[in-house]
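User: Hi! Could you walk me through this structure? I'm new to it.

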Amino acid sequence: MRKQREKYPVLIKKIIQDSDIVLEILDARFVEETRNLEIEEEIIQQNKKLIYVLNKSDLLLNKKEKKINLSPSILVSCKERHDIKKLRELIKISSKRIKKSSGEKIIVGIIGYPNTGKSSLINLLIGKSSAGVGSEAGFTRGIQKLKLDENILLLDSPGVIPEKQYSHTEKEKISKQTIAGGRSFSQVKDPEIVVAKLITIYPQVLEKFYNIQTNGDSEILIEELGRKKGFLKKGGLVDENRTARLILRDWQTGEIKI
């Protein structure tokens, strides 16, 4: 991610510049955490149409209670293919309001935080697997141009963490990025620190999922879960790193719902 990071702002600015409409793909569980206000400001300054797409609605236990204060916005689920057709129609309706020269296609740029499901969404919108799909953050490396219909093209892009949120050293920022899916469970350093942050936010969710009483203590969760799973090192000690990564994997892959 560090090697690619310098190229990302250039790619994103090009996508915004070339697009008539921009879809910002957000995680329905972490709407504010996965928004990129810097990019949104750039979109507004360039007078481009912005549509908020809240993906992973299947991971919300109480969809009806979810308040969305963004407009226009739509709640979808790539996994369950929920409201993808409605999103496709919204794109087409918005496209008809844009005046272009005869023969010119409408360009729809797709941007978002890493691992919010941009490529999966594109594949569902166009009805085939043209955009690469990965389960880890940072899978998409460049811009892909794909055909939605005869008049509309989609531009896929790499996931980008907002500049103010990005850090390779600040543990608080790294934890927040990992919880929101911006850093992969398999690559993040010190996964135990992220689990400690996670349990302070969602103690009851984790206790219920793993059936372990923790009293909000991540060390208890890692210790008991590690023994349950048989994740032991020499001397019978729990492999804390492996256990913590398992918790983060369950979290990032949506096994744990909130």
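Analyst: Happy to; we can start with the overall picture and then look at a few spots. Keep in mind that this is a predicted model.

User: Great. How many helices and strands does the protein chain have?

Analyst: The secondary structure comes to 11 helices and 6 strands.

User: And what share of the residues counts as buried?

Analyst: Of the 258 residues in the protein chain, 50% count as buried. As for contacts with a separation of 6 or more, 59% of them are between residues 24 or more positions apart.

User: Let's zoom in. How do helices H5 and H6 cross?

Analyst: Helix H5 covers residues 84-96 and helix H6 covers residues 118-126; their axes come within 10 Å and cross at roughly 80°. Angles of 65 to 115 degrees count as roughly perpendicular, so H5 is roughly perpendicular to H6.

User: Which residues make that contact?

Analyst: On the H5 side there are Ile84, Leu87, Arg88 and Ile91, and H6 brings Leu121, Leu124 and Leu125. Sorted by class, the contact of H5 with H6 has 6 nonpolar residues, no polar ones and 1 charged one.

User: Is H6 itself mostly buried or exposed?

Analyst: H6 is largely enclosed by the rest of the structure, because 8 of its 9 residues are buried. The buried ones are Lys118, Ser119, Leu121, Ile122, Asn123, Leu124, Leu125 and Ile126.

User: What do they pack against?

Analyst: The buried residues of H6 pack against H5 and a set of strands: E1, E2 (49-55), E4 (106-112), E5 (144-147) and E6 (152-156). Just after H6 you'll find Gly127, which takes a positive phi of about 85°.

User: Switching topic: how many aromatic pairs are there?

Analyst: The count comes to 3 aromatic pairs. One of them is Phe30 with Trp251: the ring centres are 5.9 Å apart and the planes are at 40°, so this pair is tilted.

User: Where do those two sit in the chain?

Analyst: Phe30 is in the loop between strand E1 (21-27) and helix H3 (31-34), while Trp251 is in helix H11 (residues 240-252). They are 221 residues apart, so to speak a link between distant parts of the chain. Both Phe30 and Trp251 are buried.

User: What about Tyr202 and Trp251?

Analyst: Their ring centres are 5.1 Å apart with planes at 35°, so that pair is tilted. Tyr202 sits in the loop between helix H8 (191-201) and helix H9 (203-210), 49 residues from Trp251. Through ring pairs, Phe30, Tyr202 and Trp251 are linked into a cluster.

User: Why do Tyr202 and Trp251 count as buried?

Analyst: Buried means under 20% relative accessible area. Tyr202 has 19%, so Tyr202 is buried. Trp251 has 1%, so Trp251 is buried.

User: Which charged ends sit over rings?

Analyst: Arg29 is one example: its charged end sits over the ring of Trp251, 5.8 Å from the centre. Another is Arg242, which lies over the face of Phe231 at 3.8 Å from the ring centre.

User: Last one: which residues are buried in helix H7?

Analyst: In H7 (residues 171-179), the buried residues are Ile174, Ser175, Gln177, Thr178 and Ile179. What covers them includes H8 and H11. Just after H7, Gly181 takes a positive phi of about 90°.

Methods: Residues numbered from 1 in each chain as written. Predicted model: local features only at pLDDT ≥ 70, side-chain atom pairs only at ≥ 80, totals over all residues. Heavy atoms only, no water. Axes fitted to C-alpha atoms, helices over the stretch in contact; angles between N-to-C directions. Helix = DSSP H or I, 4+ residues; strand = E, 2+ residues; numbered from the N terminus. Parallel < 35°, antiparallel > 145°, perpendicular 65-115°, else oblique. Contact = heavy atoms within 4.5 Å. Nonpolar A, V, L, I, M, F, W, Y, C, P; charged D, E, K, R; others polar. Phe/Tyr/Trp six-rings, centres within 6.5 Å; stacked < 30°, edge-to-face > 60°. Buried < 20%, exposed > 50% of the residue type's maximum accessible area, 1.4 Å probe, protein only. Lys NZ or Arg CZ within 6 Å of the ring centre and 35° of its normal.
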